[in-house]
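Keep the viewer open, try each task yourself, and then read on.

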Amino acid sequence: MLAHLPILQVVVPLIAAPLCWFLNRSKLVWIFALIVCAVTCVNSILLLIEVMKSGTIIYELGGWEAPWGIEYRIDKLNAFLLLIISTIGTVVLFAANTSIQKELDEDRHTLFYSLYLLSLTGMFGIVATGDAFNVFVFLEISSLSAYALIGLGRDRRALWAAYQYLIMGTIGATFILIGIGMLYQMTGTLNMSDLATRLVDVGHTRTVFVAFAFLIVGICLKLALFPLHLWLPNAYAYAPSIVTAFLAATATKVAVYLLIRFTFTVFGISFSFTSLPLQSILMVLGLVGVFAASITAIYQQNVKHILAYSSIAQVGYMIIGYSINTSTGVMATLLHLFNHALMKGGLFLALGAVMYRIGSVQLKQFQGLGREMPLTMSAIVIGGLSLIGVPLTVGFVSKWYLLVASVEAGMWPVAVLILLGSLLAIVYIWRIVEMAYFKPPLPGREAVKEAPWTFLVPIWILVFANIYFGIDTRLSVQVAQAASQSLFGINP
Amino acid sequence: MFLGLYNYWIVVLLMMIGFYIVIAHGNLVKKLVGLTIFQTSVFIFYITVGMVERGSAPIIAEGISDYSNPLPHVLILTAIVVGIATTALGLALVIRIKEAYGCVEEDEIQKQDQLSEDES
Amino acid sequence: MLTGIYGLLSACFFVVLDAVDVAFTEASVGAGISGLLMLAAITITGRKEAPKRHKPFLALFVVLVTGSMLIYGTLDMPYFGDPEAPVHQHVAPRYIHDSMEEVGVPNIVTSVLGSYRAFDTLGEVAVIFTAGIGVLSLLSLPRRRKKIKSEEATEEQMHERHMVVRIVSKALIPFILLFALYVQFHGDFGPGGGFQAGVIFAAAIILYTMLFGLDTAKKVFNPALIQLLAAVGLLLYACVGVVSMLNGANFLDYNVLADDPVSGQHIGILLIELGVGITVASVMLSIFFNFDGRRQAQAEIQAEKQQSEQEQKLKGEQDVSRTL
């Protein structure tokens, strides 16, 4: 059974999604989906252990060897990503049963869980596969289910947001398709590692340059890198809370993974970073993204909007670390992937709890909530501190390595700008804290009770993870370091 | 040289027509039509890549030794399916948008959103 | 209409380029289903477009930049139809030369689709399934109220008018269904396969729906059953993979399904194509039913509105006459 782990990771939720229809009772489906997620979670842990112990696992689908068939190639990088996605997917789903009772119609519940599992399948598929075209197929599974999930939101703006996301996402996917097509045309293969060896001969051609450009632009659309982020804020703000928590913690991470995978593994470092001014372009976009998004976040009235813009800023940090192009920089990016998933998962879930109790996440509705929902609000505070990067939280760890990486590479201005960006985070987090703790409850509103335990448990799991991995950094740093070193070809 | 590449250029032209419709048009249905054209042109690009001069359709038969490349065909079969799936979902969204906003024009929807944002 | 023509044209183009399977699919999808769905949507959204276009310059700029990038990229491409191009050198030759021995299916596209890259196809089925659930989650209506009888009668009358079309298509539909089955099972030898068959099958039933009304069609093809079938198709496909896994081989390795690898491959491809066909047909149908259901619901609401307006008018007139 151990040999089949890579494929089970993807196939288990894939088979479970249609099975949901046969159960057709909201609570039963929830329990079923939760079990399935937990299985994938265990599966990914086993995979990670296996990969750390014995190196890359290759799984040939259909028994056909690599360039002819499709292969799954699990190395440290994607084992790490699989673990992040499956854990967040499980923890967030725990609160789903309570949350969607308020936010969705009864007859949509089964469909919701099906879509959720399919979305999970899509992400696993993107991350696990070693075949360029297979990436496109699974990208579409995860995107289509994401559009539908966002469109489930009660607010009519959710529909418009989903439509915009659909247009942008499909343009992005088509760009990726064009890029893959050109690569295939020049090399005659679709397998990633095979592409890597064969691209060396044709690396100088204009077609490969254009293919590279299209792939990067397509991925950046999915990544919501500034200035291609326009679809993101509304999509996150009006989707059902569970969907927001899930997508915010995972979807952009998968896109970052794709960026790393294509530039490092397929094209190779020397091509990606020397033949094009990619490094400086992405560095500038990342920095501008951090500032533009953080400043916009300060002026938002909807707390989900604040956090959505903050997500765009965090993507900026990841891109900065990536474009420093050293082993430490990529490691900082990977750490931030992990940490940001913990923070945003927790924060958006807490917002889901607020949504559940008062039916709105407008900033002024938060007045006085600090006393009425103490556990939820303190979770938001800790999550916010982590977002800022205060010591003893995970946010500090990744920012620290980001600083170290930029200083090591001699990029002092970048380090200063990163620190300034964190100051902006203080401002927007403070606005929430001020409302919740230093304002009297909104007059005319009925007393609000603390969130139900089904919310508190997953929220606090994530909050504790925020603190735990902020203090005991061995696990996350070790894995991220090993993954980034293997990308740079350094043997630990 | 120009003769050897003309097919690609026509594909690029078609691609750009579709792309222009997607980003410039305000009507949501037309955007989807543009998206379809954009995607189809990519399909044509793939098939063009797989074409072999004097080759025949990739179904094994006696007396034929040159076949065109089957792999792009397979990829595009998959991509066509993905395309129709996207279109169907997009149209479903448009129908819901029409019901919720009473129109399918981008400007109009944004205006209405602005209004409701100001109210809240 | 135009999209239909566009679909047919691109299908012809694919035939010219020797991609018969793709042409078949594009003809049934681009010219058939996609046009139908567009029409169904447009009847709901209305056909008018606001005349004003905005920001054409920015769009034009983006398009021009992208286009010139692409043209720049084409400059180093191998020439069109060049048999020496790298595409034809590396992976493809094995499919062409060895697939007959390894898979035993004359149609190379089917053997690549069904066996070498079967996992892509599983993904494709999952995409279709996702779209089906997505549309359902967006458009499905709560259980519909029962129609008033008189309305049903008028609907029937309306169908009476298209007598000729009805009789002709009534005769045609069985043949279309039969053709779909032929395409389904003949995919090994000629162009065709589960996807095309599914679409044709769905098209036949959609034709029936358009002529005899949604309610009649729903009586024959129960929507709940269709939804279950969509799930069954995907499950069938995935289970073939699981079975080969249980037999000690890798996921979707058909060689172990029978004693002889080639017949194992045959069974495997047959089963997964069946899965593809079932899912595609039922998802397409379910999407169309949902679109049409929305249209009817809206029409009903409007009819009710008109009725109530008329009633109010009548009332008002009565009031006026009373005061007089």
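**Exercise 1.** Leaving aside its neighbours within four places in sequence, which residues is Ile150(A) in contact with?

*Solution.* Before starting, note that this is a predicted model, in which local features need pLDDT of at least 70, side-chain atom pairs count only at pLDDT 80 or more, and totals for chains, interfaces and linings use all residues. Residues are numbered from 1 along each chain as its sequence is written, while chains are lettered from A and ligands numbered from 1 in the order in which they are written.

Step 1: Two residues are in contact if their C-beta atoms, placed from the backbone, lie within 7 Å.

Step 2: list the partners. Ile150(A) is in contact with Ala158(A), Ala161(A), Ala162(A), Tyr165(A), Ala235(A), Ala239(A) and Val243(A).

**Exercise 2.** Which residues touch the most other members of the largest nonpolar core?

*Solution.* Step 1: define the set. A nonpolar core joins buried Ala, Val, Leu, Ile, Met, Phe, Trp, Tyr and Cys residues through C-beta atoms within 7 Å. Buried means that 20 or more other C-beta atoms lie within 10 Å of a residue's own (12 or fewer is exposed, in between is partly exposed), with C-beta atoms placed from the backbone.

Step 1: The largest core has 352 residues, and Ala33(A), Ile150(A), Ala162(A) and Leu89(B) touch the most other members.

Step 2: see where the members come from. Helix α7 (residues 156–187) of chain A gives the largest share, 21 residues. Chain C takes part too: domain 1 (1–43) and domain 2 (105–141 + 156–300) each contribute at least three residues. Helices here are DSSP runs of H or I with at least four residues, strands are runs of E with at least two, and both are numbered from the N terminus. The domain bounds come from an automatic or database domain assignment.

**Exercise 3.** How many helices and strands does chain A have, and how does its radius of gyration compare with the globule rule?

*Solution.* Step 1: count the elements. Chain A has 21 helices and two strands.

Step 1: apply the rule, which is 2.2 Å times the number of residues to the power 0.38, with the radius of gyration taken over C-alpha atoms. For 492 residues the rule gives 23 Å and chain A has 21 Å, so chain A is as compact as a globular protein of that length.

Step 2: look at the strands. Strand β1 (residues 57–60) of chain A pairs with β2(A) in the antiparallel sense over four bridges; pairing requires that DSSP finds at least two bridges. Tyr59(A) stands opposite Tyr72(A) in β2(A). Both faces of β2 (residues 71–74) of chain A are covered, with Glu71(A) and Arg73(A) buried on one side and Tyr72(A) and Ile74(A) buried on the other.

**Exercise 4.** Why is Ala405(A) classed as buried, and which residues does Ala405(A) touch?

*Solution.* Step 1: locate the residue in helix α18 (residues 394–408) of chain A.

Step 1: count. Ala405(A) is buried because 24 other C-beta atoms lie within 10 Å.

Step 2: list the contacts. Not counting residues up to four places away in sequence, Ala405(A) touches Gly321(A), Ile324(A), Thr326(A), Thr328(A), Gly329(A) and Ala332(A).

**Exercise 5.** Which elements make up chain B, and what is its radius of gyration?

*Solution.* Step 1: chain B has four helices and zero strands, in the order α-α-α-α from the N terminus on.

Step 1: chain B has a radius of gyration of 20 Å, whereas a compact globule of 120 residues would be near 14 Å. The C-alpha trace of chain B spans about 75 × 30 × 15 Å along its principal axes.

Step 2: check burial. Of the 120 residues of chain B, 64% count as buried.

**Exercise 6.** How many residues of chain B are in contact with chain C, and how many of chain A with chain B?

*Solution.* Step 1: 62 residues of chain B are in contact with 72 residues of chain C. On the chain B side, α3(B) gives the largest share, 22 residues. That side divides into 40 nonpolar, 16 polar and six charged residues. Here Ala, Val, Leu, Ile, Met, Phe, Trp, Tyr, Cys and Pro count as nonpolar, Asp, Glu, Lys and Arg as charged, and the others, Gly among them, as polar.

Step 1: 23 residues of chain A are in contact with 27 residues of chain B. The largest share of the chain A side, 15 residues, comes from α7(A).
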